[in-house]
Amino acid sequence: MNILFVYCHPSERSYTFEIFSHLKALLWAQNWNIEVSDLYANNFQSNMTAEEYLREGLSQTLLPIPNDVREEHRKIENADCIIFLYPVWWSDCPAMMKGWFDRVFAVGYAYGQKSDLPKMKTINYGLVICTAGHPNNFLEEIGIAQSMQHIMLEDRLGKRFKHKEMLILGGTLAIDEVREHHLQQIDGLVKRIVRYCS
């Protein structure tokens with residue numbers, strides 16, 4: 001089993017990093033192959049350049065794809081499951097994660113495919129995990145949870161994934177009250193990965 005993490009948080013002192021470390025250890029224990037795109041640690045360039053815009057916005061697919069984006073494509077093509085892990089900041093993923101989608105899901109690769117260009121393979125399982133300060137019931141009450149799920153699962157992941165789901169680990173403003181439940185939810189993900197990727 002080949003797992004790709006796309007991980008986005010600037011601090012190893014964060015609860016998001018705690019969740020990342022716990023889940024990564026669980027997957028290592030399965031003897032699965034794990035690759036990580038740690039966007040902050042790798043100083044991933046999230047801003048699209050003017051030349052990239054010409055390629056993306058005007059579908060000038062003869063223009064080259066940058067090497068750092070090609071490296072992300074390599075990781076994607078090797079993956080059976082991709083796990084996106086990040087904190088919720090102002091009702092969405094951090095800008096660096098959004099920039100990953102902007103640049104990596106390139107025209108001709110992730111959409112607007114042409115017969116003469118490599119096409120992104122369909123990934124068996126896409127799992128979006130985000131930590132959030134507010135509890136889930138509040139995020140659902142004000143519609144933010146549904147909005148985040150719709151954007152991530154239906155737009156960004158879309159038909160590029162056979163199976164996809166989102167796990168919102170809410171309530172982190174009262175972390176001691178939710179940590180045990182969150183870890184139980186994370187522990188149950190191994191079976192889901194096996195179910196969708198075997």
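**Exercise 1. Determine how the lining of the largest cavity divides by residue class, and identify the residues and elements that form it.**

*Solution.* The lining of the largest cavity comprises 5 nonpolar and 5 charged residues, with no polar residue. The model under study is a predicted one.

**Exercise 2. Describe the largest pocket by its volume, its lining and the classes of its residues.**

*Solution.* Step 1. The volume of the largest pocket is about 280 Å³. It is lined by 18 residues, of which Val 88, Thr 131, Ala 132, Gly 133 and His 134 lie closest to the centre.

Step 1. At least two lining residues come from each of helix 1 (15-28) and helix 5 (136-141).

Step 2. By class, the lining of the largest pocket has 10 nonpolar and 8 polar residues, and no charged ones.

**Exercise 3. Carry out the corresponding analysis for the second largest pocket.**

*Solution.* Step 1. About 210 Å³ of space lies in the second largest pocket. Among its 16 lining residues, the closest to the centre are Ile 65, Arg 70, His 73, Tyr 109 and Pro 118.

Step 1. Helix 3 (residues 67-78) contributes the most to this lining, namely 4 residues.

Step 2. The classes present are 8 nonpolar, 3 polar and 5 charged residues.

**Exercise 4. State which residues of the largest nonpolar core touch the most other members, and examine the contacts of Ile 76.**

*Solution.* Step 1. The largest nonpolar core has 34 residues, and Ile 76, Phe 84 and Trp 100 touch the most other members. Elements that each supply at least two residues of this core include strand 1 (2-7), strand 3 (81-87) and helix 6 (144-157).

Step 1. Leaving aside residues up to four places away in sequence, Ile 76 touches Leu 4, Ile 82, Trp 100, Val 104, Phe 105, Tyr 109, Met 120, Lys 121 and Ile 123.

Step 2. There is also a second, separate core of 23 residues, with Tyr 15, Leu 23, Leu 169 and Ile 186 among them.

Conventions. Residues are numbered from 1 along each chain as its sequence is written. This is a predicted model: local features need pLDDT of at least 70, side-chain atom pairs count only at pLDDT 80 or more; totals for chains, interfaces and linings use all residues. Side-chain values use heavy atoms; hydrogens and water are left out. Ala, Val, Leu, Ile, Met, Phe, Trp, Tyr, Cys and Pro count as nonpolar, Asp, Glu, Lys and Arg as charged, and the others, Gly among them, as polar. On a 1 Å grid over the protein atoms alone, a cavity is a set of points where a 1.4 Å probe fits but cannot get out, and a pocket is an open set with protein on both sides within 12 Å along at least five of seven lines; lining residues have an atom within 4 Å of a point. Grid points are joined across faces, edges and corners, and a volume is the space filled by probe spheres set on the points. A nonpolar core is a set of buried Ala, Val, Leu, Ile, Met, Phe, Trp, Tyr and Cys residues joined through side-chain atoms within 4.5 Å. Buried means under 20% relative accessible area, exposed over 50%, partly exposed in between (1.4 Å probe, protein chains only). Contact means heavy atoms within 4.5 Å.
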